[in-house]
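Me: I've got a model open and I'd like to learn how to read it. Could you walk me through a few features?

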Amino acid sequence: MTEQYIARRMERIAPFYVMDLLAKAKQLEAAGRSVVHMEVGQPDFAAPAPVAAAGKAAIDAGKTGYTPATGIPELRQAIADHYRDRFGLAIDSHRIIVTPGSSGGLQLLMGVLINPGQEVLMTDPGYPCNKNFVEFVSGVPVSVPVGPETDYQLTAEMVRQAWTERTRAVLVASPANPTGTVLSRDALREIYQVVRERGGVLIVDEIYQGLIYELEAFTALDVADDIFVLNSFSKYFGMTGWRLGWIVAPPFFVDPIDCLAQNIFLSCSAPAQYAALRAFSDDCLAIFEQRRQEFRRRRDFLLPALQEIGFSFPAVPQGAFYLYADCSSLTDDSFRLAYDLLEKEGVAVTPGKDFGTNRAAQHIRFAYTTDVERMNDGVERIRRYFR
Ligand SMILES: Cc1ncc(COP(=O)(O)O)c(C=O)c1O
């Protein structure tokens, strides 16, 4: 049995190029070479000890069965309380659906909102899986090229221009991957207005919420109640492998999402949910705040260091842990550059090609998920490469 058995949708789902790079990096490391990792899209901090202990305690107490598909009520309430404490917003915990990472949330939202043939607008560059979640439900992802003029974000005008009678949804992320840029409250409100006037839905990916450095943090739920918000324990909370996220949905949509979640996932991991509950306590929040400061320090180190080498950052990355560098003054082939940097200097970065096709060959993503000392070593190696 060979290709003819593979469903046709798989032709449109591309693997991550960075995975191939990562495999090469591992080979080099196995052969004794040192590699500075600036490609990894996950914090180098694990879940804080009290969170891990709560997960272990849940296992020891036998809290390991299925939970309600929408999550344990205590965790939904804790998330609702978090919106109250951080943003002064009263969100009914019933509107919160706990999901297997925000990836699970994206799958549920596409399944519940998108009919076959309907279009979903998103940015290019953008998080590469987004289009595949749309493909998976036989929707049509429409990538809109964005650049530094709009902080690599969609604008209301772009949404207006790209809208067709088949458009159903707009998906934005703030802070965004790979650019680390954020949408202002006004920009988000304008996009929301265009989307609602046209009878569509707005989905806002807030998975990097909490990792924002100068600007005032806000949530899209502050702009309107009928926005679908995605969030996750992966990044700010340092729990990538626990596989836990959440959706905040308008009340009417909770039951359909619950129904689909029951069918697709049955439930999220029970121990992970009990662990996540602990993440909202003051001691853990203090740890997350320290980590945020550390990420900021790293950004403030890496950005000027790369500028000195010749990379440019026409839009200031305000959040997440990524720098999306324009490398056009150094190369016209960022894919080649990524492989060269790895093979010749042992520095792993992600080529622009992983995030779309819009000027991808002129961009490279650096993740500052490595400490400053190690990054400094990486920067020295890159400097040597260009010398
Ligand atoms: C913008 C964005 N959305 C969603 C995800 C999915 O993450 P998770 O499923 O771990 O919540 C990622 C992961 O890197 C991301 O960068």
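Me: Among contacts in the chain between residues at least 6 apart in sequence, what percentage join residues at least 24 apart?

Reply: Keep in mind that this is a predicted model. Here a contact means heavy atoms within 4.5 Å. Of the contacts between residues at least 6 apart in sequence, 74% link residues at least 24 apart.

Me: And how many helices and strands does the chain have?

Reply: There are twelve helices, plus twelve strands.

Me: How do I read the radius of gyration of the chain?

Reply: Hold it up against what a compact globule would give: for 387 residues that is near 21 Å, and the chain agrees because its own value is 21 Å. Along the principal axes, the C-alpha atoms fill a box of roughly 60 × 55 × 55 Å.

Me: What share of the residues is buried?

Reply: Buried residues account for 56% of the 387 in the chain. As for the surface, the chain exposes about 16,400 Å², with carbon and sulfur atoms supplying 52% of that area.

Me: How many disulfides does the structure hold?

Reply: A disulfide is a covalent bond between the sulfur atoms of two cysteines. This structure has zero.

Me: Is Cys 284 buried or exposed?

Reply: Cys 284 counts as buried because its relative accessibility is 0%. Cys 327 is buried too, with a relative accessible area of 0%.

Methods: Residues are numbered from 1 along each chain as its sequence is written. This is a predicted model: local features need pLDDT of at least 70, side-chain atom pairs count only at pLDDT 80 or more; totals for chains, interfaces and linings use all residues. Side-chain values use heavy atoms; hydrogens and water are left out. Helices (H or I, at least four residues) and strands (E, at least two) are DSSP runs, numbered from the N terminus. The radius of gyration is taken over C-alpha atoms; the globule rule is 2.2 Å times the number of residues to the power 0.38. Buried means under 20% relative accessible area, exposed over 50%, partly exposed in between (1.4 Å probe, protein chains only). Accessible areas come from the Shrake-Rupley method with a 1.4 Å probe; for residues, only the protein chains shown count as cover. A disulfide is a pair of cysteine sulfur atoms within 2.5 Å.
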